[in-house]
Amino acid sequence: MSWGWRWRVGCFLLCLPAPFAWTANAQSPSKQQLDQEYQAAVADYEAGRLPQAADELQRILPYAPQNYELRELLGMVYASLAQTGRAVEQLKVAVRIKPDLAAARVNLGVALVHDGNRDAAADQFERAALLDPGNYDAHHNLGELYVQGGRIAEAQPYLEKAWRIRPQAYDNAYDLAMADYLLGRVDQARQIVNALIKVRDTGELRSLLGQIDEKSRQYIAAANDYEAAVHLDPSEDNLFNWGSEMLLHRTYEPAIAIFQQGVQRYPSSPRMWIGLGLADYSRGKYDPAIKALLAAADLNPRDPRCYVFLSKAYNSSPLQADEVTQRFRRYAELEPENALAQYYYAVSLWKGRRVEDPGTDLAAVESLLRKAIALNDSLAPAHVQLGDLYEDERNYGESIPQYERALQLDPSLTDAYYRLGTDYVHAGEKEKAQREFAVYQKLRAEHLAEVEKERAQVEQFVYSEKGQTASAP
């Protein structure tokens, strides 16, 4: 979900001055000439003629070097010209001239942010907030600065103070609601969002409200929120959130329809294709699921999630063998040190051809599985597959240790107990076989655990995609 913090520390505060006390000498321009040149600089600044404004201000600066307004305006001109070093220099002088003026410190803090000196900026915003507790910009900017540093708990009080000063300021209120949500203050977040919707109803607000309702287990309300978000703004994030909500709560047909709309609007979005593939797979539509996941793999060949779900769909439908194997081969070549990549390629190479092509290169399959285990010996499925390969060759002396290792790593692998028991029978160890068959029967009766495991993988994908932009400003 693309939340994105409202970083608006760009608002300088400008107050036009009273007449200046110009420093005069025999060669000085007249006071009237200096006033006119200053007013011309102000007009050029407001009209965006920044180089002219800078030149005019520099010409008259020697005649009023201790004038706060002149230093402030010159600093703001340099800031607008992206000459942040010169802007900071002028605004520091302005603060020295009027150290008790909150607006001066806010302006300096803004310039320091753009200059990359966030600690010094925070100090100026804090001082401004102390000098003027009713200063919206000081509190808002300090809150945003803490947000950008990932210090959400420290940001929240300042965002809340700014909100109380200006409750209808959209950016601040949005970020306060987000901070409250991330800090577990769900009711407060909902209150702020609902109030803000009355002022300005947007897709991102409805999407945030969907997250809040989801966290409160108000799932129907959350689905309605996401739908409203799409109607207001059919962005990729909003469509993904709406489809994900349907997918998470197993309303698969609506999820398929939403993700189909998503891939039509955003055909270059890997997560949309993965979402569509997951929805099709969950509905038992394995061939469309494979096509969608192949599209996702082509858009982002290094994304491991494509292959996790593609392997599951492919297990249920061995069609499109050549295309699936081609993608897994590419992944293995792109990630030669990735155990899962080698494992997926081995399984696709074997399963895709062993029925229709008895001439499958089993030596290559064995080599890939052994490479996967060498890269990561704790990869239990690789041990199972290697055991299966040896079992097919009636090499029980090799298959039994592989199954034993797999079950040592993951005792929930139901089918491995059955295969191990079968191999024990062939090896003449009937007591061991009976023990493994008994465990197999017990786990078969608890097969729902596997369903929940797959559901957890879907949730992990959904929340990781939502959380990428929600947790990091």
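Tutor: Helix 18 crosses helix 19 in a left-handed sense. Keep in mind that this is a predicted model.

Student: At what angle do helix 18 and helix 19 pack, and how far apart are their axes?
Tutor: The angle is about 155°, and the axes are 8 Å apart. Angles over 145 degrees count as roughly antiparallel, so helix 18 and helix 19 are roughly antiparallel to each other.

Student: Which residues make the contact?
Tutor: Helix 18 contributes Val324, Thr325, Phe328, Arg329, Tyr331 and Ala332. From helix 19 come Ala341, Gln342, Tyr344, Tyr345, Ser348 and Leu349.

Student: And by class, how many are nonpolar, polar and charged?
Tutor: In the contact of helix 18 with helix 19 there are 8 nonpolar, 3 polar and 1 charged residues.

Student: OK, switching to helix 3 and helix 4. Which residues do they span, and at what angle do they pack?
Tutor: Helix 3 covers residues 68-80 and helix 4 covers residues 84-97. They pack at about 160°, with axes 8 Å apart. Helix 3 and helix 4 are therefore roughly antiparallel.

Student: What is the handedness of that crossing?
Tutor: Helix 3 passes helix 4 in a left-handed crossing.

Student: Which residues touch there?
Tutor: On helix 3, they are Tyr68, Arg71, Glu72, Leu74, Gly75, Tyr78 and Ala79. On helix 4, they are Arg86, Ala87, Gln90, Leu91, Val93, Ala94 and Ile97.

Student: How does that contact divide by class?
Tutor: The contact of helix 3 with helix 4 has 9 nonpolar, 2 polar and 3 charged residues.

Note on methods. Residues numbered from 1 in each chain as written. Predicted model: local features only at pLDDT ≥ 70, side-chain atom pairs only at ≥ 80, totals over all residues. Heavy atoms only, no water. Axes fitted to C-alpha atoms, helices over the stretch in contact; angles between N-to-C directions. Helix = DSSP H or I, 4+ residues; strand = E, 2+ residues; numbered from the N terminus. Parallel < 35°, antiparallel > 145°, perpendicular 65-115°, else oblique. Left-handed = near helix turned anticlockwise from the far one by under 90°. Contact = heavy atoms within 4.5 Å. Nonpolar A, V, L, I, M, F, W, Y, C, P; charged D, E, K, R; others polar.
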